[in-house]
Amino acid sequence: MSSSTPRTIKTDVAIVGGGIVGASAALALRRQGVDVVLLERDLCGSRSSGVNYGGVRRQGRPLSQLPLAQRAHEIWARLPALIGTDGEYQRTGHFKIARSEADMAALEHYAHLSRDFDLGIELISGERLRAQCPWLGGKAVGGSLCVDDGQANPRLVSPAFALAAQRAGAQIFERSPLTRIEHDGRQLFTLHSGTALEVSAPVVLNCAGAWAGAMAEQFGEPVPLRSGHPAMMVTEPLPYFMQWSLGVEGGGIYCRQVARGNLVLGGGSGFWLDGDRARSERSAIASLTVQAVELLPALKHAHFIRTWSGTEGYLPDRQPVLCKSRTTPGLIHGFGFAGAGFQIGPAVGEVLAELARDGHTSTPIDAFSLARFDTPPAPAAGATPTTTTAQAH
Amino acid sequence: MTTKPALQPVIVGAGPAGIRAAQTLAAHGVRPVLIDEAARGGGQIYRRPPAHFKRTPATLYGTEAARATALHGTLDGLHAQIDYQPDSLVWNAQGGLLDVLHGPTQTTRTVPYGQLIVASGATDRVLPVPGWTLPGVYTLGGAQVALKFQGCAIGSRVVLMGTGPLLYLVAYQYAKAGAMVAAVLDTARFADQLAAVPAMLTQPAVFAKGVYYVGWLRAHGVPIHSGIRPVRVLGDGRVAGVVWADGAGREHTLSCDAVGFGYALRSETQLADLLGCRFAWAPMHRAHLPERDAAGRSSVRGVYLAGDGAGILGADAAEWAGELAALALLQDHGTAVDAARMQALQGQLHRLMRFRQGLERAFPFPTDWAAHAPDALVVCRCENITAGDLRACVRETGADEMNRLKALTRVGMGRCQGRSCGVAAAEILAQATGQPVERVGRLRGQAPIKPVPIHLQARQATDAGASA
């Protein structure tokens, strides 16, 4: 199409970004009868929403995220009815391993802190663990099980949210990057995707993930957003032996076994290749292989068949931005999920839909306001990055 | 004061391209590292049997014995001048280092490079037929390897089908080796071959060999059927026969105990991909291939491409391209090279293009394959994904691109990572979406290039010291 006249669309809400956050916001809005246009630069769910580890975990999140996580937990429970697929979502339990007494104490502390949220956390001693999980390597001294946490296939879930939104009447434009956005100073945004498409809407949701900083900055709200690239790895299919999704207190590695038998492992970082692609670091691959065999000796004779990475947005405190713009009425931000957005994504979508339609939400989100970056001028030259472009490691 | 960085060329692949590249560098006083996945150099076409194998080059390589022997001799004579690393799989590349898995010891090491010649070769281009997962079905290349490397035939009554020069070569080699070739079934029509004659005559010697194989097969009573379409491989637990349709659509059944099939070759491009080379659609090869200039320079400075890994041109072209890439590398580094020789090699390669187009005319890709692939046909055998699964995904999700199709269906997500099933999956996707195949894109490359043991024993030293 070489037409120089762009297709113009008027809508209630325009969403920038078709990851799990933007797509679930689109779906929630359509379920409330609100007109939606969504612009996605590539394919919906093809970036970090679609290539992440697939953990659907509440355990270990900061307390401030637990109301969102609980709301999401309830959405995940009715996933097939909502998006038409279970996306291989299973409440297999998420087990966090302690490799020392200090780690065990930290897990006990978290279980205590989060008790008001009723996550159903169960602490498991080393002895019981060895009896129950003979496949676990010797390093585990115990751990913490959140039995209703689980895992899902992000490759399937995230695009399915977009498809469901589309079926519900959202107008979704893939391969349509936002090239320019203007606000008339009163009540209308105009979004341009090249010369092909022009969308005007009174409300815009900034769900552009690692690429969300540019829009925030344009509207006078610069954010210290940086890109991160998780290193991921998958083995060939192995006889099924491990139900839980595993994490390790203190980080380093996480892994799960999918029903097909492959183990998905993550940990360490990748590097940025170009605007579209990222890969796992050599050192992360090496570290993952060592830790994997240590954690799960059964993997000793397995092969890994693929590594990959993606691009995620991180704020310095590893908390997302989820708030109304303070400079521009109608602009609402939802980005920066720091590698932990998959589980809460569907709830974030609902919250964004509420903010767009009603101006407020019943879920506490004060912790995710941009106001937290309103620090008084630092006495010394700060090391806070302000760039919004992806950085190679 | 600036000192020119030392030349540190690494060549990946010890087939015709890699060996000639190593020889050329050595002749200019440069000591390259030559990394090869195989235990003994020669590549696939001149694959060498294990050391104590008894068969002579004449029986192993037939009319190509002299070339094979010459190439092997070149490599053997180079041992003192190069750092030759056999049994070594390059499985990753990042930041001027290659990750290399040494098969026998299961250790991995990094090999630094300043300049790199990628001569990664090719594998069979597979278009599945119902029944192709039965034991006793091999690719043409696999059938040839069995004969050359293991000294055995894939069966005692063998059908060879598909298309491409390898079809007739393997048939000839099998028949010569004493196997009963029940039939050669070529999807190309005889008229295609006739139409290609003028272009094929640009390489009269090669053309003559092809004619000779066909003549020999006919003279020895091997039935050759052209313009066919494979319908299915028969068998219950193992191959018992094949069904094929002739040009008029009539089905024929033929009993056999093994099938070799294939549709020419496809380039192994993953290393070039990991290195960041820019790819473009190459219509003649019906594939996305790394871009290169006439001398083999890729889009990435210091990375050169030679041989079938950058586009299928055959063994002779690979030797020329290997030499040429090495000369280009030396030239880029400021070493005086024989410019006339470079010109001559480029001329030879250029002239071969006409012949290569002739081959494509003689053995055209069966573009109607996807249209005839039934829904129940297994396309991806690692993950057991059928043509119907792929079509359903297109129907239900609107997937129109290879990586999306992979994400949603698991096609190409198994041990082969699309190396075997990618060609067929792309054809199905193109047909199901009504797009030309170049539009469906290509699978993203990611390490490892082939499956690697997770229990990696890292060998600390890089090979910089080892080669000093």
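In chain B of this predicted model, 66% of the contacts between residues at least 6 apart in sequence join residues at least 24 apart. Along the principal axes, its C-alpha atoms occupy a box of roughly 75 × 55 × 40 Å.

The division between interior and surface may be considered next. Of the 468 residues in chain B, 58% count as buried. The accessible surface amounts to about 18600 Å², and carbon and sulfur atoms account for 55% of that area. Chain B carries 45 positive and 35 negative side chains, with the centres of the two sets 3 Å apart.

In soluble globular proteins, nonpolar side chains tend to be buried together. Here, the largest nonpolar core contains 76 residues, and those with the most contacts inside it are B:Ile117, B:Tyr174, B:Val184 and B:Leu217. Helix α9 of chain B, spanning residues 315–332, gives the most to this core, with twelve residues.

When its neighbours within four places in sequence are left aside, B:Leu217 is in contact with B:Tyr168, B:Ala171, B:Tyr172, B:Ala175, B:Val184, B:Val222 and B:Ile224. One of these partners, B:Val184, is itself among the residues with the most contacts inside the largest core. A second, separate core has 57 residues, including A:Val293 from chain A together with B:Tyr113, B:Leu271 and B:Val452 from chain B.

Terms used: Residues numbered from 1 in each chain as written. Chains lettered and ligands numbered in written order. Predicted model: local features only at pLDDT ≥ 70, side-chain atom pairs only at ≥ 80, totals over all residues. Heavy atoms only, no water. Buried < 20%, exposed > 50% of the residue type's maximum accessible area, 1.4 Å probe, protein only. Contact = heavy atoms within 4.5 Å. Areas by Shrake-Rupley, 256 points an atom, 1.4 Å probe, with all protein chains shown as cover. Lys, Arg positive; Asp, Glu negative; His and termini not counted. Charge placed at Lys NZ, Arg CZ, Asp CG, Glu CD. Core = buried A, V, L, I, M, F, W, Y, C linked by side-chain atoms within 4.5 Å. Helix = DSSP H or I, 4+ residues; strand = E, 2+ residues; numbered from the N terminus.
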